[in-house]
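Trainee: I have just opened this one and would like a guided tour. Please start with whatever I need in order to read the strands.

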Amino acid sequence: MTTNLFDELGADGGALDRLHQRLERNADTAGVLDVAYRTIDTPVGTLLLAATTAGLVRVAYDVEDHDAVLVGLADRISPRLLRAPARLDPAARQIDEYFAKRRTVFEVPVDLRLAEGFRRNVIEHLREIGYGHRESYATVAAAIGNPRAVRAVGTACAHNPLPVVIPCHRVVRSDGSTGQYVGGPLAKSTLLDLEAA
Amino acid sequence: MRVRPFENVVAEHGATVLRVCRAVLGPVDAEDAWSETFLSALRAYPELPADANVEAWLVTIAHRRAVDVGRARSRRPVPTDTLPDRPATHADPAARDPDLWTALQRLPTKQRQAVAYHHIAGLPFAEIAELLGNSPDAARRAAADGLKTLRKHYREDETA
């Protein structure tokens, strides 16, 4: 009886959506939205995009488990994390353009705090591999002055916090086969084929 | 234990806090109170102990924000017939139930708060007593009296 009585006060989806959007705006204005995220649909599945106030901090494939990725961001960066698409609009638009073959270079600020030390060096180098080009793991290892760290380069690529945007998919095996990929081998070949077409 | 993303807190508790705000403040001011509650909560969230009762914490913030919103409302100049520019509120079926809010509005403030915090948010009377500045027994009586009056008036309104 009591429960029924107060159900009259409702809390319908429309009101909650409106309030959520208001919270997104207010939080951003107040400087307390440490991590904003949204998802986008692409030919390689649904991608999660997350940004700090400094820039795009994470791109995650479905297979990485978006809920787990968000918990990881809350843990490593800040739990002040909301689904707030506005901050990701430029990145989402550019990724759409990339998959439509209307963009070859991403021009969004990135926040590389999730890649440290050796992995950070690898990630920084990956940014220099141009659209449609490929490099072997061995070439990348040599380029960062660590020619024997081929396997570690592979691990660094597997932990790239910004796949697609930072092109770890352009790093392939010396024999020309595509090799492993954080989004799975099919996603990797899809990206390579897109850029080769 | 890992901290949950604040988005999960909004998803899990947003609806209950909105019902509490509506019960305490009515449909128009409830959304301002909800917004201020969650913005304050987001600001303070990293300092919240991992084992805290999140819903009780939110209701405590909502209680303070509701008091603020209530004060702001009483300071507002002359009420007019013109409704504030919030058209979506009127499209909202829950906010259009004037009878329940009318019945709630007739209750003394502490009864209305005790009813909302206990019967909507499920807070124990010991915690409600802290919010209302009375004893757990007084909080329990306020909730019981409030609910009794509410049922009586709400039924009258329904059958009127």
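Mentor: Two strands pair if DSSP finds at least two bridges between them. Helices (H or I, at least four residues) and strands (E, at least two) are themselves DSSP runs, numbered from the N terminus. Residues count from 1 along each chain as its sequence is written, while chains are lettered from A and ligands numbered from 1 in the order in which they are written. Keep in mind that this is a predicted model: local features need pLDDT of at least 70, side-chain atom pairs count only at pLDDT 80 or more, and totals for chains, interfaces and linings use all residues.

Trainee: Over how many bridges do strand E1 (residues 35-42) and E2 of chain A pair?

Mentor: Begin with the turn: a hairpin of two residues joins E1(A) to E2(A). Across the pair, A:Tyr37 has A:Ala50 in E2(A) as its bridge partner. E1(A) and E2(A) run in the antiparallel sense, and the number of bridges is seven.

Trainee: Which residue of E3(A) stands opposite A:Ala50?

Mentor: E2(A) also pairs with strand E3 (residues 56-60) of chain A, in the antiparallel sense over four bridges. Their hairpin has four residues between the strands, and there A:Gly55 takes a positive phi near 160°. A:Ala51 stands opposite A:Leu56. For A:Ala50, the residue opposite is A:Arg58.

Trainee: Which strands of chain A stand at the edges of the sheet?

Mentor: Strands of a sheet pair through backbone hydrogen bonds, either parallel or antiparallel. In chain A, four strands make an open sheet with mixed pairing, in the order E3-E2-E1-E4. Each edge strand has a single partner strand, so one side of each is left without a neighbour in the sheet; the two are E3 and strand E4 (81-83) of chain A.

Trainee: How many residues of strand E2 of chain A are buried?

Mentor: A residue is buried if 20 or more other C-beta atoms lie within 10 Å of its own, exposed if 12 or fewer, and partly exposed in between, with C-beta atoms placed from the backbone. E2(A), residues 45-51, is mostly covered; of its seven residues, the buried ones number five.

Trainee: Which element gives the largest share of the side of chain B that touches chain A?

Mentor: Two residues are in contact if their C-beta atoms, placed from the backbone, lie within 7 Å. The contact takes 29 residues from chain A and 32 residues from chain B. Elements giving two or more residues to chain B's side are H1, helix H2 (27-44), helix H4 (87-91) and helix H6 (109-120) of chain B. The largest share, nine residues, is that of H1(B).

Trainee: How many helices does chain B have?

Mentor: Along its sequence, chain B follows the pattern α-α-α-α-α-α-α-α. Buried residues are 40% of its 160 residues. With zero strands in chain B, its helices number eight.

Trainee: How far apart are the C-alpha centres of domain 1 and domain 2 of chain A?

Mentor: The two domains do touch: twelve residues of domain 1 of chain A are in contact with twelve residues of domain 2 of chain A. On domain 1's side, E3 and H4 of chain A are the elements that give two or more residues. The C-alpha centres of the two domains lie apart by 25 Å.

Definitions and conventions. Domain bounds come from an automatic or database domain assignment.
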